[in-house]
Amino acid sequence: MFSHYFGNYLLGRRLLTPAQYKEILASLDSVHVKLGMLAIESGLMTAQQVNEVHTLQMTLDKRFGEIAVERGCLTRENLEGLLGTQNKRHLALSQALLDKGWFSFEQLEDALADFKHETNLSDAEIQAVKDNDVDALVAAYFRNAELTAALEAAPVEGAVDAPARLIQDYVALFVRNLVRFVDPGVVITGSACVSSHDFEWSVSQEITGSVAMRTAITGEGLALAGMGGRFAKMDLAEMDAVAQDAIGELLNCHNGLFLSKLSNDGLDLDLSPPVTHHRRTFLSRSSLCVISITLPTGSFELLITWGSPAIA
Amino acid sequence: MARILIVDDSIVSRSNLRRILEEAGHEVAGEAGDGASGLEQYGQLRPDLVTMDITMPGMSGLDCLKGIMEKDPTAKVVMMTAIGQGPKIMEALESGACHYVTKPFETSKVVEAISDVLCS
């Protein structure tokens, strides 16, 4: 995650060209080592055990290590040892930049210092990015007092004790699902509460029942088609019916996992079929929570609001 | 090998299911994009098994399931759902569905569920 955050920063500052960034990302993919592979390589788990944990991950919102420990495949000490090895992966992009000769040690040191300063993330939050700690990272985008206050003050249709926290959990699960089903290069670039949101394309879905919410993925056609294509494992170059459907299925699968989790807390919820809109505006008397996200396929927004906002 | 009818409003889900089923040696007898079309095609095709999405515009998967069970109480229907728990799954099983699989589809889960239902 850190490599993508840092790479996205370098791209934005024109310290890397899009072609260089693409090349770097391709090289990162080739050396990406997951915890399961580390566990096999270290002899702590068999391939069969790793497959079983991966299968469980498809239905449980838990990390690989948590499931492996719960099933007795790893001890807590084993897991910490493996995580210690895995965390060094955040050095991959920096090392690749040096190896390719695009950055000197000094240039890299300066760029890292500027990155830490300009992202407005604390040292602990930067560490969360390095540790792939999605919950802590998402929490950083909800520490904006104005955003939290607007979410807490919004009229909620349903029984929710902590509305801002519920939305924060929703966003964290969404980021994990993007990593799991679309691309590991997820970068959150901003969060805001607004009363209207213009979009080129929107695929939205209503959550109904004891809590009423609308969720949407909005953005430009090319970016959404690229993301939908990654999810559906299809080559999608434009926001045609298949791409719209792929984004709808991504949102539907994510919302399904979110609702399954809430069902354990006793909330009885349901989903409406996803709906697509083109060149319109979401309007809401309560606040629209907009999370800006960048993937290697392009940028888009995740929108969450209580009730049913008007679409003008 | 079984003849299977896919009922799902998602083009992507239908495409994934078709690939999984055909790779497992089954024949896709037909595809329907909504519950009403699924009900109609069930009467025409009389497949060995139906995979049924729950959330669809128009006639829902639950209503389509109930319609199929009225026509043919021996029908074998496997529900496909994004929500892995909750009252709709219970209602589907009480209404005659034999099994359910959660989205996003995992090949082994789909093949196992269909194999279990066909063997029962």
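The model is predicted, so local features need pLDDT of at least 70 and side-chain atom pairs count only at pLDDT 80 or more, whereas totals for chains, interfaces and linings use all residues. Residues are numbered from 1 along each chain as its sequence is written, and chains are lettered from A, with ligands numbered from 1, in the order in which they are written.

**Overall make-up of the chains**

- Chain A has 14 helices and 6 strands, where helices (H or I, at least four residues) and strands (E, at least two) are DSSP runs numbered from the N terminus.
- The radius of gyration of chain A is 20 Å, close to the 20 Å that the globule rule gives for 312 residues, so chain A is as compact as a globular protein of that length; the radius is taken over C-alpha atoms, and the rule is 2.2 Å times the number of residues to the power 0.38.
- Along the principal axes, the C-alpha atoms of chain A fill a box of roughly 50 × 45 × 40 Å.
- Chain B comes to 5 helices and 5 strands, and from the N terminus on its elements run β-α-β-α-β-α-β-α-β-α.
- With a radius of gyration of 12 Å, close to the 14 Å that the globule rule gives for 120 residues, chain B is likewise as compact as a globular protein of its length, and its C-alpha atoms fill a box of roughly 30 × 30 × 30 Å along the principal axes.

**Domains of chain A**

- The domain assignment, which is automatic or comes from a database, divides chain A into domain 1 (2-130) and domain 2 (134-311).
- The centres of these two domains of chain A, taken over C-alpha atoms, are separated by 25 Å.
- Their contact takes 9 residues from domain 1 of chain A and 11 residues from domain 2 of chain A, two residues being in contact if their C-beta atoms, placed from the backbone, lie within 7 Å.
- On the side of domain 1 of chain A that touches domain 2, α1 (2-12) and α9 (123-130) each supply at least two residues.
- That side of domain 1 of chain A has 5 nonpolar, 2 polar and 2 charged residues, with Ala, Val, Leu, Ile, Met, Phe, Trp, Tyr, Cys and Pro counted as nonpolar, Asp, Glu, Lys and Arg as charged, and the others, Gly among them, as polar.

**Interface between chains A and B**

- Across the interface, 22 residues of chain A are in contact with 20 residues of chain B.
- α14(A) packs against helix α1 (residues 11-23) of chain B at an angle of about 85°, with their axes 7 Å apart; axes are lines fitted to C-alpha atoms, for helices over the stretch in contact, and angles run from 0 to 180 degrees between N-to-C directions.
- α14(A) and α1(B) are therefore roughly perpendicular to each other, on a scale where angles under 35 degrees count as roughly parallel, over 145 as roughly antiparallel, 65 to 115 as roughly perpendicular and the rest as oblique.
- In this contact, Ala241(A), Val242(A), Asp245(A), Ala246(A) and Glu249(A) of α14(A) meet Ile11(B), Val12(B) and Ser13(B) of α1(B).

**Packing of α14(A) within chain A**

- The axes of helix α12 (residues 163-181) of chain A and α14(A) come within 10 Å and cross at roughly 125°, so the two helices are oblique to each other.
- The contact of α12(A) with α14(A) divides into 7 nonpolar, 2 polar and no charged residues.

**Local backbone features**

- Lys233(A), in the loop between α13 and α14 of chain A, has phi near 55°, a positive value in a residue other than glycine.
- A cis peptide bond, with omega about -5°, joins Lys103(B) and Pro104(B), and Pro104(B) is found in the loop between β5 (99-102) and α5 (107-119) of chain B.
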